[in-house]
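Hi,

Here is the structure I said I would pass on. Have a look at it, and then read on for what turned up.

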Amino acid sequence: MSFKVAIVGRPNVGKSTLFNRLVGQKLALVDDTPGVTRDRRPGEARLADLRFTIIDTAGLEEAAADTLPGRMRAQTEAAIDEADLSLFVVDAKAGLTPADNTLAEMVRRRGKPVVLVANKAEARGSDAGFYDAFTLGLGEPCPISAEHGQGMHDLRDAIVEAIGEDRAFPKEEPAEEALTDVMLTKEEAENPEEAAPYDDSKPLRVAIVGRPNAGKSTLINRYLGEDRLLTGPEAGITRDSISVEWEWRGRPIKLFDTAGMRRKARVVEKLEKLSVSDALRAIRFAECVVIVFDATIPFEKQDLQIVDLVLREGRAAVLAFNKWDMIEDRQAVLADLREKTDRLLPQARGIRAVPISGERGTGLDKLMQAIADTDKVWNRRISTARLNRWLDHQTVSHPPPAVSGRRLRMKYMTQVKTRPPGFMISCTRPDAVPESYIRYLTNGLRNDFEMPGVPIRIHFRAGENPFEHKRKKKR
């Protein structure tokens, strides 16, 4: 991207709505409640022929530094310092407030280019607020409607004038398109026995999920080495799913911080429902998901439901027992956690679990190694010849049960996809295969091909009968 733009202003003036308009997607949460946005969220914006990075920020408020609004303000100030240009948004419908004047003075002291944006200019009575915006001393306001997309061309011209033609339209070489599909590539589909080897340097998308106040944002901040995400003792601080770029041993990593997920019955507010929906979206787009447990109160019912949700989505999963520095008898607790992991998560037998402390930074490298190892298993492909030899051995040692007096015959097996590993078995009467035998085959695949902790899909289909058309003719 050519330059960075931060959207700033007091709460509830339409910053997140403008952010969604510029990125072309509903990424940021939008609600009538003031103060919805808390962390700064970057996005790739498109405005006519302009391409730039846009940063959504929290509403600026006057508050003490140790309070939640004060920490939100610090995040916004960091975004202003990081950006090359600020869009100072005011509400033309409601008019100016003393907070607008205070914040305009703060932005002006930064000495960076500023574009004054008068949002909600389509509303009745907005003319007075539009003309009042001249008193801020930030130049002529640009009237827009972020909700309806009005005034976007005027906004584009104002940004180009403020940032300059050279910065607005730099010459860049076209970047190579990255593969993001979770299915097999075209080459792997055409040559299933010659799948490409696992690439240890490819980018990896990792989502951090868990219950509220489990330490997800603190963990990401420790990896980044800076206070990039808003943290504190309050539960439920994070609302939006924020993605940050990072490198581990030269490998590009995209970390997704998500809102804490409570029990569904307790989620009644619209805003929390939107936050959880955003977290579920992050899980679906991630490749590996780290479920953060509070080691002091692990294996709550909600923890187990989150793990089950991740596995049903087909993602590679890793458990992180956070706040390990608060545990006294660590050996006894670790043995107890291992026993409970095997007993309470039978659908993820062998899942990797790492004790960590996001506050002190212990165990974080082991956690990243577990993520890389799990992703490698998630991408693993097994040749058809090995699978059929294995299937013969399994059916001989434990034959399929007879259903209604007729025995099931397993004829052929092959792997049809990776990420997660998916297998197809040709057999007689596929609808009659009992769940117990499917679990037997799944556990056998885990043990014999070293595929611990990842979801495995097995599908059955009936083999084609070459004499079926003759039978129909006789009838």
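This is a predicted model: local features need pLDDT of at least 70, side-chain atom pairs count only at pLDDT 80 or more; totals for chains, interfaces and linings use all residues.

First, the overall picture. The chain has 475 residues, and 49% of them count as buried. Its secondary structure comes to 15 helices and 17 strands, and the C-alpha trace spans about 85 × 65 × 40 Å along its principal axes. If you take the contacts between residues at least 6 apart in sequence, 70% of them join residues at least 24 apart. On the charge side, there are 75 positive and 71 negative side chains, with 10 Å between the centres of the two sets.

On the domain 2 side, Arg349, Val377 and Trp378 supply 46% of the area buried against domain 3, more than any other three residues.

Thr17 sits in helix α1 (residues 15-23). Is Thr17 buried or exposed? Thr17 counts as buried because its relative accessibility is 17%, and the cut-off for buried is under 20%. Leaving aside residues up to four places away in sequence, Thr17 touches Val30, Ala146 and Glu147.

Then there is some backbone geometry. Most residues other than glycine have a negative phi, and most peptide bonds are trans. Against that, look at the loop between β15 (410-417) and β16 (422-427), where Pro420 lies. The peptide bond from Arg419 to Pro420 is cis, with omega near 0°. Arg419 is found in that loop as well, and its phi is positive, near 55°. Arg419 is buried, with a relative accessible area of 10%.

Arg249 also has a positive phi, about 55°, although it is not a glycine. You will find Arg249 in the loop between β8 (242-248) and β9 (251-257). Arg249 is exposed, with a relative accessible area of 57%.

Cheers

Terms used
Residues are numbered from 1 along each chain as its sequence is written. Side-chain values use heavy atoms; hydrogens and water are left out. Helices (H or I, at least four residues) and strands (E, at least two) are DSSP runs, numbered from the N terminus. Buried means under 20% relative accessible area, exposed over 50%, partly exposed in between (1.4 Å probe, protein chains only). Contact means heavy atoms within 4.5 Å. Lys and Arg count as positive and Asp and Glu as negative; His and the chain ends are not counted. The place of a charge is taken as NZ of Lys, CZ of Arg, CG of Asp or CD of Glu. Buried area is the accessible area (1.4 Å probe) that two parts lose on being put together, summed over both.
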